[in-house]
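I opened the notebook with two things to look up: one residue, and one contact between chains. My notes follow the display.

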Amino acid sequence: MSERILVGTRKGTFVVKKAGRWTPRLSGHAGAGSNFVAADPHTGTLWALLGHGHWGAKLSRSRDGGETWQDAPQIKYPEGARYIGHEMPSEDGSEAPTTLRAATLLKLWHIAFGPQGRIYVGTIPGGLFVSDDGGETFELNRPLWNHESRGGDLFSGDGTGVTHWYGTPASEGEFAPGIHSIVPDPRNPERVLVAISTAGVLETVDGGKSWRGRNKGMLNDYLPDPAAEWGHDPHYVEQCPAQPDHVWQQNHSGVFYSADGAATWTKVSEPELGVHFGFPVAVDDADGRVAWLVPGRSDNQRMAIDGGLFVARTTDGGQSWQRLTKGLPQTHAYDVVYRHALGNRGDTLAFGSTTGNLYVSEDRGDSWQAVGHNLPPIYSVRIAAG
Amino acid sequence: MAKVELTRHLYSFFPELEGRELHVEASTVAEVVREMERVAPGIAFYVCDERGRLRMHVNVFVDDERIVDRARLSDGVGPHSRVLIMQALSGG
């Protein structure tokens, strides 16, 4: 089956095709940050989530496989959308009040495609935007925006004044929360999981009318209560398309696995093997017990472990892990792989790093080949049908 | 009518504007942006955010003066003004 690798980078969108060998091509958006690139499986349209340094976040799409790109109708926060911000104390030392900020689009971070053609986009600050018309119009999901965990309804009043959604350094200059993982249930258009760094995982089972936390079994190592309801730091959440009850989470505090649709999580890290800290996770298309990670060294360093790059694979739901190193550098490697920069489809996997290296495996991670060493810093890697 | 000049960087997003003389009927910078949106749909969201505030790394000059009101763009524009929409130099 022919495949394309879609790569979002700090300096544009690349499409990597195999013609004898895998070859990257700058597809568009030269010079612009391309945070996430993915193909809509229903229409084949390619979507790129852009961040122009000067001109703001923009949605771009291609209907010809990446030959040409056009601005899509743009996502905007509705009038009255506010969120609780955390200010630094002022220069005279007085305590800064918690402020209500008017939301404007800081970053487009993740796009996901649900059953019946529904499209979801996750943004900073903390918005889930939903389209039921193929991306012509997007609407902010207000029950999630107004969720009690982030201070209640700030459209109609001042809410509770307390938010459990904190900020992320990925927020383009402002310290605001972001939705980086959207996991629509392919069996049920009413059910979606989302994940927010420093908040946790939330689920709707009624098409977005209500949301509840799904963090049972999560443990953190940076709050007074490791099992607090909120404050968990999922780095990325992914499911098995054929077995959506099998959900994986690479988290700040380890690797977590759920076999019951995120109702309960189990920590499956293996720190002795280096399988603990990292950002991305990929789950096999067919078998929910099979997952891959690209671990890094601790939250303090965020580097490849001891200068060697490896992919970790489990085939038994995280009970055991294999270190896969064939074809990957084992000395002088300082690659960091971002949360969206590991993709898989069938037996093919690909990941890209902040140092511009792109690696592909066509045998489920057993061996790897370098496709490029000098790409811009890589933000996202997804594999689509050719 | 005020004459509008754009940084060449905007032409890569709005190639239809390249080489065109742009004149708009406007008495404030906000009206200039509104009129430009009619000429080139989408351009207002490049220059301003969805609350109508000038983006942090964008500058607008009326004649030789940088505008003061970046929140509402209420700075006045005369019938013979030259309005420049520029990319702010943000360091380096």
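For the chain contact I counted residues as touching when heavy atoms lie within 4.5 Å. The model I am reading is predicted.

**Entry 1: the interface of chain B and chain A**

I looked up how many residues each chain brings. Chain B gives 17 residues to the contact and chain A gives 18. The buried area between the two chains comes to about 1,400 Å², and carbon and sulfur atoms account for 59% of that. On the chain B side, I noted that Phe45(B), Tyr46(B) and Arg51(B) supply 44% of the area this chain buries against chain A, more than any other three residues.

I then checked polar pairing. I found 0 salt bridges between chain B and chain A, whereas 8 residue pairs across the interface are in polar contact. Of the elements in chain B, helix 2 (43-47) and strand 5 (82-87) each supply at least two residues to the side that touches chain A. Sorted by class, that side of chain B holds 7 nonpolar, 5 polar and 5 charged residues.

**Entry 2: Arg4(A)**

I found Arg4(A) in strand 1 (residues 3-9) of chain A.

I next looked for a polar partner. A polar atom of the Arg4(A) side chain lies 2.9 Å from the backbone oxygen of Ala385(A). Leaving out residues up to four places away in sequence, I listed the residues that Arg4(A) touches, among them Val15(A), Leu46(A), Arg382(A) and Ala385(A).

Conventions. Residues numbered from 1 in each chain as written. Chains lettered and ligands numbered in written order. Predicted model: local features only at pLDDT ≥ 70, side-chain atom pairs only at ≥ 80, totals over all residues. Heavy atoms only, no water. Helix = DSSP H or I, 4+ residues; strand = E, 2+ residues; numbered from the N terminus. Polar contact = N/O pair within 3.5 Å; in protein donor to acceptor, adjacent residues only side chain to side chain. Buried area = accessible area lost by both parts, 1.4 Å probe. Salt bridge = Lys/Arg side-chain N within 4 Å of Asp/Glu carboxyl O. Nonpolar A, V, L, I, M, F, W, Y, C, P; charged D, E, K, R; others polar.
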